[in-house]
Amino acid sequence: MLELFKSLWDYRGFVFSSIHNEFSARFARSRLGGLWMIINPLAQVAIYALVLSNVLAAKLPGIDNKYAYALYLMAGMLAWSLFSEIIGRCLTLFIDQGNLMKKMRFPRITLPVIVVGSSLLNYVLLFVALLAVFAMLGQWPHLQMLWLIPLTVAVTALAIGIGLILGVLNVFIRDVGQVVPILLQVWFWFTPVVYPVNIIPESFRSYMDMNPMFPIVSAYHDILVYAKTPDIQQIAVTTAIALGLMLLGLFMFRRAAPEMVDVL
Amino acid sequence: MSLLTVNNLGKAYRVYASELQRIGRWFGLPTKPSEEHWVLKHISFSIAPGEAIGIVGQNGAGKSTLLKMITGTLQPTEGRIQVNGRIAAILELGMGFTPDLTGRQNVYHAAGLMGFGAEQIRQAMPDIEAFAEIGEYFDQAVRTYSSGMQMRVAFAVATAFRPDILIVDEALAVGDSYFQHKSFERIREFQRLGTTLLIVSHDRGSIQSLCSRAILLEHGTVIKDGAPEEVMDYYNAIIAAKENATVTVIQREDGSVQTRSGSGEASIRSVSLHNSVGEPIEYVQVGESVSLKIDVQVNSDIPELVTGYMLKDRLGQTVFGTNTHHLGCKMESLAAGQTMQYRFDFEANLGVGSYSVAVALHTTDNHIACNFEWQDLALVFNVVNVSKTEFVGLAWLPPTVENSK
């Protein structure tokens, strides 16, 4: 394990230049370049807000901002977009980079690290954009937002764990790559991102506790929409799950690494 | 101390009845692969600093698998590789280039992939830029490059830092001939400075001129390890044996229909190329005396038989052709069942490259009147330049030079 981190440190230059290249390649040929990374989720929020705000706005309790629903959507989307981007990219990571892995020797662990780095960069940009939109809608930055730092770590860990496991499996069983986007879509709708928690029927509420993304998204809502301290205990559970999955993912990655090149 | 030691190396590709069994194995379940396909077995050799080693073998002999394990991209199934130094491989140039980024940015990235830090790369950058010689293109997007320019940049990065072992796939010709010379010059310079070369090649000429030792792989094992001359002779013999075998197979089955045509009163039994001592050869040195032997069988009574041949270059252009009519060796009134052998002796004053021989049996001075048999690609041989001065073109026309003021 120690040598894993050592090789990662030796290749830090490569990791940074990869993230940088990916970012600048995005600006290379389109006028708005990286802005699309922000425009896309914001447009999605705008669509949901337009279509659903009349249906759902009345049911968002405890806040009197008339744009409450839009704020709610954006907070949830911020968490979900980071989560799904890391998983989605880890899923096809080793297949996409198969040629490189076959031809060059470099620490394989740099690949997921690059994905995480570049996803976090997008996330930070999206967050800054959200702060601007929030300010326009009358919600100013506040100290509770510092909670977002440990939350980001938790959601990233959860996504890496799941992404690494699925990415490794996908090399050997390609069906995984087809099924996961569907499951992610289902998972998205079973997490209160688009709709408020209180519209879930009482009988289904208990199932929500089995969803590790539920406490995270709720915490984002608590912080960004209601400006209050999130439920630490629930997040701790999710973080524990995330760490477990991450260790499992790393273990599978290390066991699979020698065989991966054989089948790519 | 040896630079690289390969000890009883083997590589097997494992197939599992179900991929779940493979995954179970990671977690320690006692599952067994349903099939093991060994591509390399019992490979052992060691290499001392400064040696230059050619690795030869036919397609599928396991050359690239071996090199991939030495570079470290593939993990051996059994055995050990011990490397005392840095390895660089010029196998696939331009891997990991992003088309939308500039040459310079890609150089940073590619050198980073080789494990160099930003500071080292920054110091080497002027050299890389100078070596690539692509001028202002260096700061433009790689997508605007010609493939030759991309190769130049890629080669410049790959050899920016002198490695202890350099693996070169010789089939990989780097761009135009000017740059080819330049890159070979750099490889030779590395060799002078103590870098060990591992060269994969089919080209006898470059193996013999660059290498001090050659290793021949066949069916995943080392079958010969020794002086390049000796190993290459052995290799050619293997190929020759194999080619002859395939030729007979082709003649028996339909595959030969396309290359043979004719009315069949006489047929070509075999076509072969021999050197001055009568051994069949496939590699011919420029200017070497060779004999083309053609065995002919007469199937029915014919009044006249003319045998001709043509040498064609790899593009199918005729380089030379003649027949026994023009050579004054026409046969007349032949009876069915008769066989005869022709031997055409000539000097292979040909340029370096691959050539094929087409053979025809007919009457009069051309094959249009009465064509008994016509066979294209009856034989393929390669011309290599070992002893002559360097030249280009299809023909060896040795001049003498005189200089007057």
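Reply: Two strands pair if DSSP finds at least two bridges between them, and strands (E, at least two residues) and helices (H or I, at least four) are DSSP runs, numbered from the N terminus. This is a predicted model, in which local features need pLDDT of at least 70 and side-chain atom pairs count only at pLDDT 80 or more, while totals for chains, interfaces and linings use all residues. Residues are numbered from 1 along each chain as its sequence is written, and chains are lettered from A in the order in which they are written. In chain B, six strands form an open sheet of mixed pairing, in the order β5-β6-β7-β3-β8-β9.

Me: Which are the edge strands of chain B?

Reply: Each edge strand pairs on one side only, and in chain B these are β5 (87-90) and β9 (221-226). β5(B) runs parallel to β6 (residues 165-169) of chain B over four bridges, with B:Ala89 standing opposite B:Ile167 in β6(B).

Me: How many residues of chain A are in contact with chain B?

Reply: Contact requires C-beta atoms, placed from the backbone, to lie within 7 Å. By that criterion, 26 residues of chain A are in contact with 26 residues of chain B. On the side of chain A that touches chain B, α2(A) gives the most, with nine residues.

Me: Where does α11(A) have a kink?

Reply: The bend at a residue is the angle between axes fitted to the seven residues ending there and the seven starting there. In α11(A) a kink of about 55° lies at A:Ala257, shortly before the proline A:Pro258.

Technical notes:
Contact = placed C-beta atoms within 7 Å.
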